[in-house]
Amino acid sequence: MAEFEEADNAEAIITRIEHKSRKIESLLKQYKPVEALKTALEGSPPNTKDERCKSANWIVVHRAIMAIKDVDSLFSSLDPEYYDVLMKYLYRGLSTGDRPTCDQCLRIHEKLTERAGLGCILRSLADKVNTV
Amino acid sequence: MAAVSVHQFAQCITCHAWSPDHSMIAFCPNNNEVHIYKLLDGKWEKIHVLQKHDQIVSGVDWGTESNRIVTVSHDRNSYVWSQEATEWVPTLVILRLNRAALCVQWSPKENKFAVGSGAKTVCVCYYEQENNWWVSKVIRKRHDSSVTSVAWHPDNILLATTSTDGKCRVFSTFIKGVDVKKAASASSDSKFGEQIMQLDLSYSWAFGMKWSPSGHVLAYVGHNSMIYFVDDVGPSPSAQNVAFRDLPLRDVLFISERMVIGVGFDCNPMVFTADRRGLWSFLRFLDEKKTSSSAKSGSQLTEKIGKFYGQSKYGSNDTNETSRTQGGAHENCITNIVPLKKPGDTTVTRFSTSGLDGKVVIWELQSQHDLLGYL
């Protein structure tokens, strides 16, 4: 039912992601990594099955995650509604096996678990439908 | 202290139920038997052992008015036990299942009971007077996976089920000759097995569920650490998804219209309350624990992850990691919560929980002053 919409939407989503990517680059230049991460997580396309959209969004989120230096300030300004999505991306980062990515993801993971609790981890593991 | 009594009955308990006067408890100690214990002189004595099933007894329910016990087991059978003199006499109920039975509940009038099974079906059984036996009617359609929990609506006709396909469904179980059609009610879906509603809120397995005392609200839990409250069950339900911080729940109980207790893998009952506008949220844990809560276990977990990746950030804290006894009443996952309601009471103030640690704990809410407003 949703497959035809997927094909058209995929292109639209990828353009949106490219748009986001430019915005994020400019935010990072202004030393606003938290804003950048928020923009990256907003409008994450968990409902598409298209792997390209997910990968495109992952690249953007990855860029924002790696730019974060101060993890504590991140959580003071990030809304709780983004915790679950961020946790899913952290696990995607941990699955890459790439040393700097994993280090950064672990650092954020520890603080996020303190903030959001084990339930957040459960939700990212249990959800097989909305994957990132 | 909310927990008034703790008793270790076995190594592990799968399910339990109380007698109508709360003097006896029936439970399955993770084998094919059901043990009945009675409180005599302050000590629990084993007075009966019901031995008919071949495999684990997965569900037991004790009818408060009829004093009948119904048990279901992984051996795909169900027995209804009635007490004659000092013995419990079993009657086999042919469920026609080809997979294990997982849960059972007497209907409010106790003239029917519902069984959820791994065969993706729900059996509704009723007593046929002419043939003197229990007949089972099967709802075969609709479920995509095992039915983990069943809950009867106070009207004795609507039955809600949760399943490992993540969906919660409400069916009509109207049976001619057993149920009386309410002339005033507009429910045209009076056919047996008719699906009234399907809720697609959870993306993971759904477990325990219950109706509120009035039957307006339905609550069920998902394995993704969320609890779902559904209002106005019918053509246009309104649902609330409450995500919480801790480990998932396995069973829920409505204490009153505005308070729900959930039990699960945190070994501690969680209290959820609704404010004046009907918005549900997590209030607090019921049991007071002496040691710290999940924040500490989170850092122990990351300490292990850190060590695993070769980055030890906490120095040598290895001796700290002992068993997870947190000083609470239960030591392992709580799987079952049963109300202890005296007849004539509209709200529940006492309830009991049983879990994989083999303990049955009785909780009393009257001592919890901040909760009395919600009763």
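1. A polar contact is a pair of N or O atoms within 3.5 Å; within protein, one atom must be able to donate a hydrogen and the other to accept it. Keep that in mind for the interface. Chain B and chain A share seven residue pairs in polar contact, both residues at pLDDT 80 or more. The pLDDT condition applies because this is a predicted model. Salt bridges between chain B and chain A number zero.

2. Now the extent of the interface. Chain B puts 19 residues into the contact, and chain A puts in 21 residues. About 1,800 Å² is buried between chain B and chain A, and carbon and sulfur atoms give 60% of that area. On chain B's side, helix α1 (residues 294-308) supplies the largest share, three residues. The chain B residues that touch chain A include nine nonpolar, seven polar and three charged.

3. Look next at A:Q104. Where does A:Q104 lie? It lies in helix α6 (residues 99-116) of chain A. A:Q104 has a relative accessible area of 5%. The cut-off for buried is under 20%, so A:Q104 counts as buried. Its side chain makes a polar contact of 2.9 Å with the side chain of A:R107. Beyond its neighbours within four places in sequence, A:Q104 is in contact with A:I65, A:M66 and A:I68.

4. B:C267 sits in a loop of chain B, between β23 (259-264) and β24 (270-274). Is B:C267 buried or exposed? B:C267 is buried, with a relative accessible area of 11%. Setting aside residues up to four places away in sequence, B:C267 touches B:H330, B:E331, B:N332, B:C333 and B:I334. B:N131 is another matter: 136 residues separate it from B:C267 along the chain, and their C-alpha atoms are 46 Å apart.

5. Turn to the aromatic rings. The count is 22 aromatic pairs over all chains. One of them joins B:F9 and B:W44, with ring centres 5.4 Å apart and planes at 75°. Edge-to-face requires planes over 60 degrees apart, so this pair is edge-to-face. B:F9 is in the loop between β1 (3-8) and β2 (15-18) of chain B, while B:W44 is in strand β5 (residues 43-51), 35 residues apart. Both B:F9 and B:W44 are buried.

6. Compare B:Y127 and B:W134. Their rings form a tilted pair, 5.2 Å centre to centre, with 55° between the planes. B:Y127 is partly exposed, at 29% relative accessible area. B:W134 is buried, at 5%.

7. Finally, find the aromatic cluster in chain B. Which residues form one aromatic cluster? They are B:F229, B:F244, B:F254, B:F272, B:W280, B:F282 and B:F285.

Terms used: Residues are numbered from 1 along each chain as its sequence is written. Chains are lettered from A and ligands numbered from 1 in the order in which they are written. This is a predicted model: local features need pLDDT of at least 70, side-chain atom pairs count only at pLDDT 80 or more; totals for chains, interfaces and linings use all residues. Side-chain values use heavy atoms; hydrogens and water are left out. Contact means heavy atoms within 4.5 Å. Buried area is the accessible area (1.4 Å probe) that two parts lose on being put together, summed over both. A salt bridge is a side-chain nitrogen of Lys or Arg within 4 Å of a carboxyl oxygen of Asp or Glu. Helices (H or I, at least four residues) and strands (E, at least two) are DSSP runs, numbered from the N terminus. Ala, Val, Leu, Ile, Met, Phe, Trp, Tyr, Cys and Pro count as nonpolar, Asp, Glu, Lys and Arg as charged, and the others, Gly among them, as polar. Buried means under 20% relative accessible area, exposed over 50%, partly exposed in between (1.4 Å probe, protein chains only). Rings of Phe, Tyr and Trp (its six-membered ring) pair if their centres lie within 6.5 Å; planes under 30 degrees apart count as stacked, over 60 as edge-to-face and the rest as tilted.
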